[in-house]
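Please open the model in a viewer and keep the selection panel at hand.

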Amino acid sequence: MSNIAGKAYAMNVITPIRWYTTWLNKLIFWVALKKPSTLSGLITLSLIHYARWVIIGKNQFPHVHVDQPKEELRYSYMLFFSNFNGSWDQYVDSFTFAIPSGLDMFWKWNIRYPHSVALTPFHKYIQYNQLETAHYYSAYPLAASNDIKAAKKLKSMLIAFDQQWHDAPDEQFQKQYNTLLRGLQHDMGEMRPTPIVSMSAAQVEKRHARDLRKAKQEKVEAMEGPQHG
């Protein structure tokens, strides 16, 4: 699936918005940037790598060639794109629970936006307007957002430790190094493939693998043909 690269999922949602209300959305975005506390629920979601909202005017879509016809669009559009860990449902639901009023504020002027609660209409709205990611690359596919944060902390602490203790006597160096390890023990976990999202999803994958083995075996038997004595 092109939306997934290792543990990360790329979401791109583009929704129509009446062009004469875009200034309201831009004002809301400006206020949110000036007062980050309005997005405190979102910022605390550790599964998010990145999230951004962008307004694209009806005359601002790029043209890749001079021969490309110019669109006559009725609406402007709001692009939301994000990278996150976990399943699609986990992410969308976490958004709803973290900043329901914020979602309603950002998408308020978008055409046919159903509000973030109840969940089912909101899910359908996002699914209908989501675009598949044609190409998605991750330099560290086994790294979740928390792994990246832990790696940055580990690097900075090791550099600081080296600067302070590299000339210390062996006994003191070892003592300080042990203290460093105790302080960083939660940031040195091994990166592994994505765990099972749910038992039902695991069963689907298990059944799919079994069907592939069965099909492969049947193909081998067909190629070998009947054995004659």
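**Helices and surface**

Select Trp23, which is exposed, with a relative accessible area of 53% (exposed means over 50%, buried under 20%, partly exposed in between, with a 1.4 Å probe and protein chains only). The model is predicted: local features need pLDDT of at least 70, side-chain atom pairs count only at pLDDT 80 or more, and totals for chains, interfaces and linings use all residues. Residues are numbered from 1 along each chain as its sequence is written, and side-chain values use heavy atoms, with hydrogens and water left out.

Trp23 lies in helix H1 (residues 22-34); helices (H or I, at least four residues) and strands (E, at least two) are DSSP runs, numbered from the N terminus.

Next, select Ser40 in helix H2 (residues 40-43). Ser40 is partly exposed, at 42% relative accessibility. From Ser40 to Gln163 the C-alpha distance is 35 Å, across 123 residues of sequence.

**Strands**

Now display strand E4 (residues 76-85), which runs antiparallel to strand E2 (residues 8-17) and is joined to E2 by 10 bridges; pairing requires at least two DSSP bridges between two strands. Here Met11 stands opposite Ser82. Strand E3 (residues 48-56) also pairs with E4, antiparallel, over eight bridges, and Ile56 faces Tyr77 of E4 as its opposite residue.
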